[in-house]
Amino acid sequence: MNNVIIAIDDLHPEQGWGCEGDESVKYLESLNKEFGCKFTLFVPSNYHHSYPLSEYTDWVKFWLDKDWAELSAHGHYHDCRTEGIGEQEFLELNFAQAQDRLIESFNEWKMCGHKPQGFRMPGWGCNPESARAVGLAFSWVAAHDQINRGINFDTRTFYGCDGINETELIREWSGSFMFQSHIAGDWNDNIWNESNYENFRSILNFLSADRQLSYKTISEL
């Protein structure tokens, strides 16, 4: 038996980024219907200072009502003040700053009636201090085996980042296949478009040919 984990980053209540009726959402619904896929959705709580979840409780409920989707934390702003580090929000925060940022994030989630169990760093990057703050706040962290090498989160840590667009190397991590993707974004290769959807269907058909697969969210591991 092999677990299959499908993680998707950056969902937020903007059309095209994980809203009801979006093409990408229809692909997820189709995969759930065909294979029984489940999804761990990593959601910033106030994406780019423009989408505070407390103002979009219906959007949060839309996802919470699905028994095949898990809402997990993906930073607060998914944005940085420091130039040259992209959107690696927790790379520029010390321990106290990270704790404050997480309190802001949890306040948004609380007003939606949900407390995420898990966390993924926006852009993967962090430092030992911000990692310690995250580890204290969450039951688990999804990390990158290279970018987060040497970082101790002091909580359950899951590695794996094979893209839904991969065609060759699919790795097994402690009995699980861990797939990584983004809901949208022209700068990402692993977004949920038609090409990647069909490629991922092929991956699942290939894996299921000689394995028994169990689709889970990360919290269910």
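Colleague: What makes a residue a contact of Asp9, and which residues are in contact with Asp9 once its neighbours within four places in sequence are left aside?

Modeller: Contact means heavy atoms within 4.5 Å. Beyond those sequence neighbours, Asp9 is in contact with Phe42, His74, Arg120, Gln180, Ser181, His182 and Ile183. This is a predicted model, in which local features need pLDDT of at least 70 and side-chain atom pairs count only at pLDDT 80 or more, while totals for chains, interfaces and linings use all residues. Residues are numbered from 1 along each chain as its sequence is written, and side-chain values use heavy atoms, with hydrogens and water left out.

Colleague: Why does Asp9 count as buried?

Modeller: Buried means under 20% relative accessible area, with exposed over 50% and partly exposed in between (1.4 Å probe, protein chains only). Asp9 has 4% relative accessibility, so the residue counts as buried. Asp9 is found in strand 1, a strand being a DSSP run of E of at least two residues and a helix a run of H or I of at least four, both numbered from the N terminus.

Colleague: How do you know what span to expect of helix 1?

Modeller: The expected span is 1.5 Å times one less than the number of residues. Helix 1 (residues 23–35) has 13 residues and reaches 18 Å from its first C-alpha to its last, close to the 18 Å expected.

Colleague: Which residues of helix 1 are buried, and what puts them on the same side?

Modeller: The buried ones are Ser24, Val25, Tyr27, Leu28, Leu31 and Phe35. They cover an arc of only 155 degrees around the axis, which puts them on the same side of helix 1. The arc is that of the directions from the helix axis to the C-beta atoms. Their cover includes strand 1 (2–9), strand 2 (39–43), helix 2 (57–64), helix 5 (194–208) and strand 11 (213–216).

Colleague: What makes a set of grid points a pocket, and how much space lies in the largest pocket?

Modeller: On a 1 Å grid over the protein atoms alone, where a 1.4 Å probe fits, a pocket is an open set with protein on both sides within 12 Å along at least five of seven lines. The largest pocket holds about 200 Å³, a volume being the space filled by probe spheres set on the points, which are joined across faces, edges and corners.

Colleague: How many residues line the largest pocket?

Modeller: Lining residues have an atom within 4 Å of a point. The largest pocket has 17 of them, with Asp10, His78, Gly123, His182 and Trp187 nearest its centre.
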